[in-house]
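Please read the following report with the sequence and the three-dimensional view side by side. The sections go from the overall fold to single residues and their partners.

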Amino acid sequence: MPTQVEDAEILSKFQDERTRNEAFNLLLNKYQQKIYWHIRRMVIDHDDADDLVQDVFIKVWKNLAGFRSDSQLYTWMYRIASNECITFLNKKKQRNNISIEDEAYNLADTLADSSYFNGDAAQKKLQQAILTLPEKQRLVFNMKYYEDMKYEEMSQVLGTSVGALKASFHLAVKKIENILLAAD
């Protein structure tokens, strides 16, 4: 099994026109799955997640030459993916002219019907509870719970203070606990 290529090597190869495609393939191999699952937890639907992953990597391709390395490469891509998710979900709500609560129900139905979701009943309940959270709270919860991301890194991705992120995560956990306790 090949070892993971360091980000600095990917960026160096990307700067050279002759190795740009190779660099991008290395980037895809290293990060595509992580980005997919981050997006998938936000939008639930596999096809929507696939489309958004393509959009994210198109933006990465177009903007990678200007990447300034003032954050980690993955943090930068994660920020792009997070913004794409929020934009997508907002457009979906506007297009369907529905409330946040109705959108949560639609996503929960998609989750229940998904052939890609193979979790047990407890996982499904957790996912349905997460879907009731506002997008930013859901994003913070997913980053902390699933990615085990540190608050400082989340702060870089979301451009929000560490204190606000901690408060948002705490509120998300309380809401999820209340929903899960009420369901029993």
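## Overall make-up

The secondary structure of the protein consists of 9 helices and 0 strands, where helices (H or I, at least four residues) and strands (E, at least two) are DSSP runs, numbered from the N terminus. Read from the N terminus, the order of elements is α-α-α-α-α-α-α-α-α. This is a predicted model, in which local features need pLDDT of at least 70 and side-chain atom pairs count only at pLDDT 80 or more, while totals for chains, interfaces and linings use all residues. Residues are numbered from 1 along each chain as its sequence is written, and side-chain values use heavy atoms, with hydrogens and water left out.

The protein has 184 residues, of which 45% count as buried; buried means under 20% relative accessible area, exposed means over 50%, and partly exposed lies in between (1.4 Å probe, protein chains only). The protein exposes about 10,500 Å², and carbon and sulfur atoms supply 49% of that area, as computed by the Shrake-Rupley method with a 1.4 Å probe, where for residues only the protein chains shown count as cover. Among the contacts with a separation of 6 or more, 60% come from residues 24 or more positions apart, a contact being heavy atoms within 4.5 Å.

## The nonpolar core

Which residues have the most contacts inside the largest nonpolar core? They are Leu-27, Ile-35, Ile-39, Val-43, Phe-57, Val-60 and Met-77, in a core of 51 residues. A nonpolar core is here a set of buried Ala, Val, Leu, Ile, Met, Phe, Trp, Tyr and Cys residues joined through side-chain atoms within 4.5 Å. At least two residues of this core are supplied by each of helix H1 (7-15), helix H2 (20-43), helix H3 (46-63), H4, helix H6 (121-131), helix H7 (135-145), helix H8 (151-158) and helix H9 (162-183).

Asp-48, which lies in helix H3, is buried because its relative accessible area is 18%. With the neighbours within four places again left aside, Asp-48 is in contact with Val-43, Phe-88 and Lys-92.

The buried residues of H8 are Tyr-151, Met-154, Ser-155, Val-157 and Leu-158. Seen down the axis of H8, these residues fall within an arc of 165°, so they line one face of the helix; the arc is that of the directions from the helix axis to the C-beta atoms. As background, an α-helix has 3.6 residues a turn, so residues three or four places apart point the same way. After H8 comes Gly-159, whose phi is positive, near 65°.

Arg-79 sits in helix H4 (residues 73-96) and is partly exposed, with a relative accessible area of 25%. Although Arg-79 and Val-157 are 78 residues apart in sequence, their C-alpha atoms are 4.8 Å apart in space. Not counting residues up to four places away in sequence, Arg-79 touches Ser-71, Gln-156 and Val-157, and a polar atom of the Arg-79 side chain lies 3.1 Å from the backbone oxygen of Val-157.

## Salt bridges

Side chains of opposite charge can pair when their charged atoms come close. The structure holds 8 salt bridges, each defined as a side-chain nitrogen of Lys or Arg within 4 Å of a carboxyl oxygen of Asp or Glu. One of them joins Lys-13 to Glu-22, with the closest N and O atoms 3.0 Å apart, and Glu-22 counts as partly exposed at 39% relative accessibility. Another joins Glu-17 to Arg-20, with the closest N and O atoms 3.3 Å apart; Glu-17 is exposed, with a relative accessible area of 62%, whereas Arg-20 is buried, with a value of 18%.

Glu-147 forms a salt bridge with Arg-41, where the closest N and O atoms are 2.7 Å apart. Glu-147 lies in the loop between H7 and H8 and Arg-41 in helix H2, so the pair ties together parts that are 106 residues apart in sequence.

Methods
A polar contact is a pair of N or O atoms within 3.5 Å; within protein, one must be able to donate a hydrogen and the other to accept it, and residues adjacent in sequence count only if both atoms are side-chain atoms.
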